[in-house]
Amino acid sequence: MKVLLSVFFFVIVSCNAKCKEYTDSLLQVLKSEILKKKFYDAEKDRHIKKLKESLGTVPKTDFYTQYAICDKLYQEYKDFVFDSAHVYTKKLLELSGQMHDIPKLYESKIKLGAIQSSWGMFKETFECLNQINVRQAPDSVKLKYYELKSKAYTRQALYNTDEFYSPSNRAESIRALNAAIQLSKPGSYEKYRHLAELCTIYGQNDKAAAYCIKLLNSNLPTYHERAMIAHDLSNLSTGSKKIRLITLAAIYDIRSSTKETLAIFTLGKILMDEGRIEDAELLLQEALDQASIYGNKLHKIEIVAILTTLSAQKLINSENKKNQILTYLITILSIAIAGVAIISVVVYIRLKRVKRREAIVREKNLHLDGLNKKLSEDTQIKEEYIGYFFDVISGYILKLEKIKRNTERKIKIKNYEELLHLANEIDIKQERHALFHTFDNIFLKLFPNFIAAFNALLKPEDQIWPKDNEVLNTNLRIFALMRLGIKDNRTIANILQSAVSTIYTYKIRIKSKALVQGDEFENRIMEINFVDSNDIHP
C-alpha cells in the first residue's frame, strides 16, 4: 500500500524538489480551463438540446422511452442546473406512476432526494426516503437508497452542530454506508468510493487514500467522479499536495461542466489565506458564477461574503503599497536634501569660481521645494482618505460579522425565508450612495474652491453646479478624481460604477465646452488649489 501511494504521488505531483513549480503549472492549467468553460458548457447544452428534441418525437403513450430520455436529461442537469434537474425528477415520478413501475418510482424519488440534499433541503430529502419500502426494492435501487441516506445524514451532521443530534446523524450515516458497501459490486467504482469514505470516518487515512488512488489510476470514474475523488483525497493531505489535488478536482469539474462543486471555492479560500489575492479573486468569482448557474442561493451568499472580505484586503494591500512608495519618495527626498546641503557648502567655499553653478543649485532647490509641497499635499490627501477607508472597512467588517451570526443562526433553525429577507436587506445602492457622499465631503474639505474654480473654466451657460440634494454630481466627481491624480478612464469607471465609454463621453463633452482647449483644461484642473488641513478652521 505504501509503495502504491509513493508511486502515485511521484507520477501525479512530481518530486518534492519541484512541488511549487508543479502546483503553479496546475494552477495555470486551471486558469486555461476557465477560459474554455464556455466551450464545455456549449457542448453540454448541445447534448441536452438533442435529448430534448429526441424526447419531443416520442409518442405520448410510450412511457418507457420517455422515462429513459428524461433520466438522461436528469443526469445532465443534476450537477449543472438545479431547477431543470428538479423539473425532470418530477417528470420521472409522473412517468413511473403512469407505468405503475414501483422500482422506477423508488429510483425517481431517490433522484429527487439527491438534488434536494445537495441544496440543503434535508426535510424534503428524508421525506423522499421515508416513502420508499427498501425491502421491496431491487438491489440496484437499494444501493442508491443507502448512498443517499448516508450522504443526507452526513450533510445534516455538518449543518447541525448540536452535540445531541450530530452523533446520532453520524451513526445513521455509517449504518447506511455499510449497507451500501455490502450492495456494491466487487471492483466497482461504488465499492472503492464507499470503502474510502468508511476508512476516512474511522481515521484510517492511509487505507482511504489507497482506495482513492486506485480509482484515479483506473478507467472507472468519469471526469465528474474524478473531481470528487481528488477532492476527497485532498482532505487526507496537507500543504502543497492538498492544493494540487483540489486544483485537479477543479479542473475536472470545469471539463465536466459541473456547477454544484466546492473544489474551486475551497481553492480560492486557500489562496486568499496565502495572500495570493489576484488568483483567489479569479477563482472565487468563478465559484460565484458556478453557484449562480446551478441556483444554489445559500452557497452564493457564502461566496459573496468571502469576496467582500477579499475586496477589503485588496484595498488594504493597495494602500500599503502606496505607503511604501511614499516612504521611498521621502527617503529619496531626504537624500536629495542632504546632497543639496553638501553642494551648498561647496558652492559657499568656491563662490567666485562657480557663480553659474550656484544659479543652477538655486533652481534645483526651487524644484525640490515644489516637489516637497506636492508630496506634502499628496500625504495629507492620502491620510484623509486612508483614515476614511479604514473606517469604512471596519464598518463593513462589523456588518459582515453581524450578518454571519444571523446567517448561522437562521441556517441552524432552517429559517430560509428570513435568511433570504436578511440578504435582501443589504442595499448596495444605498451603500454606494453613502460612499460617494463621504468621498465628496472629504474632497471638498481638501479643495473647498473646486466647484467654483472648475466652473470658471466654462461659459456661464455650460457651467455645472450640484443640485440642492447633491454635494458633487457625476461630472464634477470625474474631475475631482482627476485632481487626486486618478486619470485612467477604466479606474474612474470602476470607482463610479460606470462604463469606461460613459466616463470618456463625459470628459470629452465637458472639455469641448471649456474656455481653454486640449490638455490645457486638464492642467488647469490640476492647478486648483489644495487647502492644508492645518489651515482649515472649524
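Visitor: Why does Leu-233 count as buried?
Guide: In this predicted model, the relative accessibility of Leu-233 is 0%. Buried means under 20%, so Leu-233 counts as buried.

Visitor: Where is Leu-233 found?
Guide: Leu-233 sits in helix H12.

Visitor: Why are H12 and H13 called roughly antiparallel?
Guide: H12 (residues 223–234) packs on H13 (residues 239–255) at an angle of about 160 degrees. Angles over 145 count as roughly antiparallel, so H12 and H13 are roughly antiparallel to each other. Their axes are 8 Å apart, and H12 passes H13 in a left-handed crossing.

Visitor: Which residues make the contact?
Guide: On the H12 side they include Tyr-223, Ala-227, Ala-230 and our Leu-233. H13 brings, among them, Leu-245, Ile-246, Leu-248 and Tyr-252. Sorted by class, that contact has nine nonpolar, three polar and four charged residues.

Visitor: What makes H15 roughly antiparallel to H16?
Guide: Again, it's the angle: H15 (residues 277–294) and H16 pack at about 160 degrees. The cut-off is over 145, so H15 is roughly antiparallel to H16. Here the axes lie 10 Å apart, and the crossing of H15 past H16 is left-handed.

Visitor: Which residues of H15 and H16 are in contact?
Guide: From H15, they include Ile-277, Leu-284, Leu-288 and Ala-291; from H16, His-299, Ile-303, Leu-307 and Leu-310 are among them. By class, the contact of H15 with H16 has 11 nonpolar, five polar and three charged residues. Those four H16 residues, His-299, Ile-303, Leu-307 and Leu-310, are buried too.

Visitor: How do you know that the span of H16 is close to the expected one?
Guide: H16 (residues 297–349) has 53 residues, and 1.5 Å a residue gives an expected 78 Å. From first C-alpha to last, H16 reaches 78 Å. Further along H16, the buried residues include Glu-319, Leu-326, Leu-333, Val-340 and Val-347.

Visitor: What phi does Gly-203 take?
Guide: Just after H10, Gly-203 takes a positive phi of about 80 degrees.

Methods: Residues numbered from 1 in each chain as written. Predicted model: local features only at pLDDT ≥ 70, side-chain atom pairs only at ≥ 80, totals over all residues. Heavy atoms only, no water. Helix = DSSP H or I, 4+ residues; strand = E, 2+ residues; numbered from the N terminus. Expected span 1.5 Å × (residues − 1). Buried < 20%, exposed > 50% of the residue type's maximum accessible area, 1.4 Å probe, protein only. Axes fitted to C-alpha atoms, helices over the stretch in contact; angles between N-to-C directions. Parallel < 35°, antiparallel > 145°, perpendicular 65-115°, else oblique. Left-handed = near helix turned anticlockwise from the far one by under 90°. Contact = heavy atoms within 4.5 Å. Nonpolar A, V, L, I, M, F, W, Y, C, P; charged D, E, K, R; others polar.
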